[in-house]
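Please look over the structure shown below, with attention to the ligand and its surroundings. A short report follows.

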Amino acid sequence: MPNGMHLQDKVKVLRALYFMEVTNLVVVLPAVLAFFALSLHLINRMVRLRNLNLPPGRLGWPIVGETFEFMRAMLEDNVLRFIQERAEKYDSRVFKTSMFGDPIIVFCGPAGNKFLFSNENKNVQVWWPSSVKKLLRLSLVTKVGDEAKMVRRLLMNFLNAETLRNYLPKMDRIAQRHIDKHWKGKEQVFVYSILKLYTFELACCLFLSIEDSDQIAKLSLKFDEFLKGMIGFPLNIPGTRFHRSMKAADAIRKEIKIILKKRKVDLEEKRASPTQDLLSHMLVTSDPSGRFMPEMEIIDNILLLLFAGHDTSRSVLSSLMKYLGQLPQVYEHVLKEQLEISQVKEAGQLLQWEDVQKMKYSWNVASEVMRLCPPVSGAYREATTDFTYADYNIPKGWKLHWITGSSHKDPTLFSNPETFDASRFEGAGPTPFSFVPFGGGPRMCLGQEFARLEILVFMHNIVKRFKWELVIPDEKLKYDPMLEPVKGLGIRLQASSY
Ligand code: HEM
């Protein structure tokens, strides 16, 4: 203590020193303790993991893992090879890898699919990478357990076959208008870009009653941007793909919000119908306890459905156009079935539910296309407890991945798996859990029936109006993130007169 200080000052200094000591103790001690606790926890975890019999595999570099190998495989449509190489090297039932900062266990084949699909809310629950969760915020994909069940039930009010059958004539009208506007009179078109206009317009009309083509085109551009940030590192800083994607999502939300506010007023004043589209259904339907979905949740769920509901079907339709262009016998068979339907209808009469039920061969063709070219490469779950699978330990919290293609091309399940054969879907069809383009279990795709109808309605109209040949005979496909033709699938059109 410096000499010459007054007693009061000395007391002050002592008090300050004491206070600093106490503050240090209060701040530093817990930090030190937390550091030790964390280190202990990590060491414990490492020791525990080392003692576990984890599935074999390679975790690769810290954080990055095998992300780049997987993304390259997606872009080269080699996801199946990525899986097969590892399944052969490690274990054909299950192996581990690491992607997007997480260790991931890949479940293979129908047994893997069955396990994950039938254990939802028991040992596992749905999980999406944080890029998806950040983009789709309050929507169904971020909900689990009872909350998810409730949202699914609410959305199924609109997406079930009973309700959708009423929208078939509207779908038919949209398909005809689309073909008149974008295909008629053309000698050559790029299928993939044009089909976006069909599937997106259909979703906009049926979900939000948007009919204005300029508004649809603008929204569609925002969706392109939005979609590109779905798979990858969620780095939200200017200049990144993810940042652009987040901004696009906000812009789309703003637009949906304007429509929603106006619709609420229109419903109150009876200018809008409670069954006119998905938005009306969501605004007027409550859960069993009488609770209505909050506005922000409605907006995020519509964003989800617009996203999930158009690029998937567009991918199937584009692969379908490829196979129908390559396989004249299949094309002729589909045409015959569709002509039998339209020949017994009055001129100008739109498609009805009964007509679509007769399109059995056409749906088998679409299913075979989805077997060979699944638009979605797979999806994720998370272990909610420690459990064992195939004698391996699966630790709680680990991410689990099922891959669509891992059973679709298995020769023990589909003979000559590379050959196009729609008859595989006749009778009882493929063995359970081997054909999974829509996933399975309680988190199975909600839009399966919607997709079936929009695909069949389009097939009906396009084969009646055109024959076509491919500009590039065997154009390659890639996942980005849906399966798409690398050069946009150019085709030469020849108008028919049915
Ligand atoms: C051929 C077209 C389609 C395919 C191949 C497809 C495929 C899939 C797949 C693989 C999943 C994940 C399932 C799982 O994790 O088990 C999924 C989920 C989902 N799909 Fe589709 N989908 C298609 C069309 C649609 C359409 C048209 C809509 C909406 C109208 C839609 C809405 C959804 C929703 C909301 C989910 C999330 C379900 C949940 O998490 O509970 N999908 N879809």
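Which polar side-chain atom lies 2.8 Å from an oxygen atom of the ligand, and to which residue does it belong? One such atom belongs to Arg443.

**Basis of the model**

This is a predicted model, in which local features need pLDDT of at least 70 and side-chain atom pairs count only at pLDDT 80 or more, while totals for chains, interfaces and linings use all residues. Residues are numbered from 1 along each chain as its sequence is written, and side-chain values use heavy atoms, with hydrogens and water left out.

**Iron and its donor**

The iron atom of the ligand has a single donor from the protein, the SG atom of Cys445 at 2.3 Å (donors are N, O and S atoms within 2.8 Å of the metal, or 3.2 Å for Na, K and Ca; water is not among the atoms, so the site may look incomplete). Cys445 is found in the loop that runs between helix 18 (405-408) and helix 19 (448-465), where helices are DSSP runs of H or I with at least four residues, and strands are runs of E with at least two, numbered from the N terminus.

**Shell around the ligand**

The ligand is surrounded by 26 residues, the closest being Arg152, Thr312, Arg381, Arg443 and Cys445 (a residue is near if one of its heavy atoms lies within 4 Å). A polar side-chain atom of Arg381 lies 2.8 Å from a ligand oxygen atom, and a polar backbone atom of Gly440 is 3.4 Å from an oxygen atom of the ligand; polar contacts are pairs of N or O atoms within 3.5 Å.

Key. A polar contact is a pair of N or O atoms within 3.5 Å; within protein, one must be able to donate a hydrogen and the other to accept it, and residues adjacent in sequence count only if both atoms are side-chain atoms.
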